[in-house]
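Colleague: I have just opened this structure, and I would like to learn how to read its features step by step. Could you take me through a few of them?

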Amino acid sequence: MDARLIVLDDREEASVLAAELAALQLSRAIGKHGKASFMASGGTSPWRMLSLLSEEALDWEKVTVGLVDERWVDLHHQGSNEKGVRERLLKGAAAAATFIPMKTEDATPFEAVAGRSAAYAPHCKPVSSVLLGMGPDGHTASWFPGSPQLSSLLHPAGGEILAGVDAGHAPVAGEYRYRMTLTAEPICNAEAGILLIFGEDKRSVLDQSLVGDEQTYPVRRAIEGLGNRLSIIWAP
């Protein structure tokens, strides 16, 4: 494994390190390109990290923030990843960053893919920093094991950067059946990545993913694709 695995004692320490690392990655991108893009994972694990990142001294007006994936729910729904990012990251000085939503007024994510791809494309050449999480089934983004779409998400033949997802087969998706996700194209080609994982159960899944195949543990695609540009940060 070329990725760097960092084991810490508690989640606060891990969140602090992840925020500092993301800030460094964004600062370097601004210095190199005059701008930076940050793609944020959903779920609750990154909430503290995102709050800490919002306090970092960056040229936030030069930063574009997007999502790794989104549940197809309204902005005010508790399951909205956009809501989580807006409430925890886009505040204070970080409110100067530009945010690109995934959710639209379209009935399904499949209808919105073309428009959202056009909006995301300029900020994925490459992504400056991507923050990933991992589910208990080894999924990351909305790449669920057993999905009929999985191969096209992990290896998009036409270089697609976004896709609509029907996660009806995935128990961990719960009520959030329809989603939009970044494919492996922008994630694996990002300049830098962070995989933030908490809990003994997910550490076990991570260890299995490192020796398993990407169809069973889709997170492996991101780990292999990013290689030494990925920092895996874990705490109990």
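This is a predicted model: local features need pLDDT of at least 70, side-chain atom pairs count only at pLDDT 80 or more; totals for chains, interfaces and linings use all residues.

Colleague: With which residue does Arg177 form a salt bridge?

Modeller: A salt bridge is a side-chain nitrogen of Lys or Arg within 4 Å of a carboxyl oxygen of Asp or Glu. Arg177 forms one with Asp166, and their closest N and O atoms are 2.7 Å apart. The pair links distant parts of the chain, 11 residues apart, with Asp166 in strand S7 (residues 162–166) and Arg177 in the loop between S7 and strand S8 (178–182). Helices (H or I, at least four residues) and strands (E, at least two) are DSSP runs, numbered from the N terminus. Asp166 is itself partly exposed, at 24% relative accessibility.

Colleague: How many salt bridges are there by this rule?

Modeller: The count comes to 10. Among them is the one between Asp59 and Lys62, whose closest N and O atoms are 3.9 Å apart; Asp59 is partly exposed at 36%, and Lys62 is partly exposed at 35%. Arg220 and Glu224 also form a salt bridge, with 2.8 Å between the closest N and O atoms, and, being four residues apart in helix H8 (residues 219–226), they are separated by about one helical turn. Lys83, Glu87 and Arg88 are linked in a network of salt bridges.

Colleague: Which residues of helix H3 are buried?

Modeller: In H3 (residues 81–88), the buried ones are Asn81, Glu82, Gly84, Val85 and Arg88. Seen down the axis of H3, these residues fall within an arc of 160°, so they line one face of the helix; the arc is that of the directions from the helix axis to the C-beta atoms.

Colleague: What covers the buried residues of H3?

Modeller: Taking contact as heavy atoms within 4.5 Å, the cover includes strand S2 (36–40), helix H2 (47–54), strand S3 (63–67), strand S4 (69–71) and strand S5 (98–99).

Note on methods
Residues are numbered from 1 along each chain as its sequence is written. Side-chain values use heavy atoms; hydrogens and water are left out. Buried means under 20% relative accessible area, exposed over 50%, partly exposed in between (1.4 Å probe, protein chains only).
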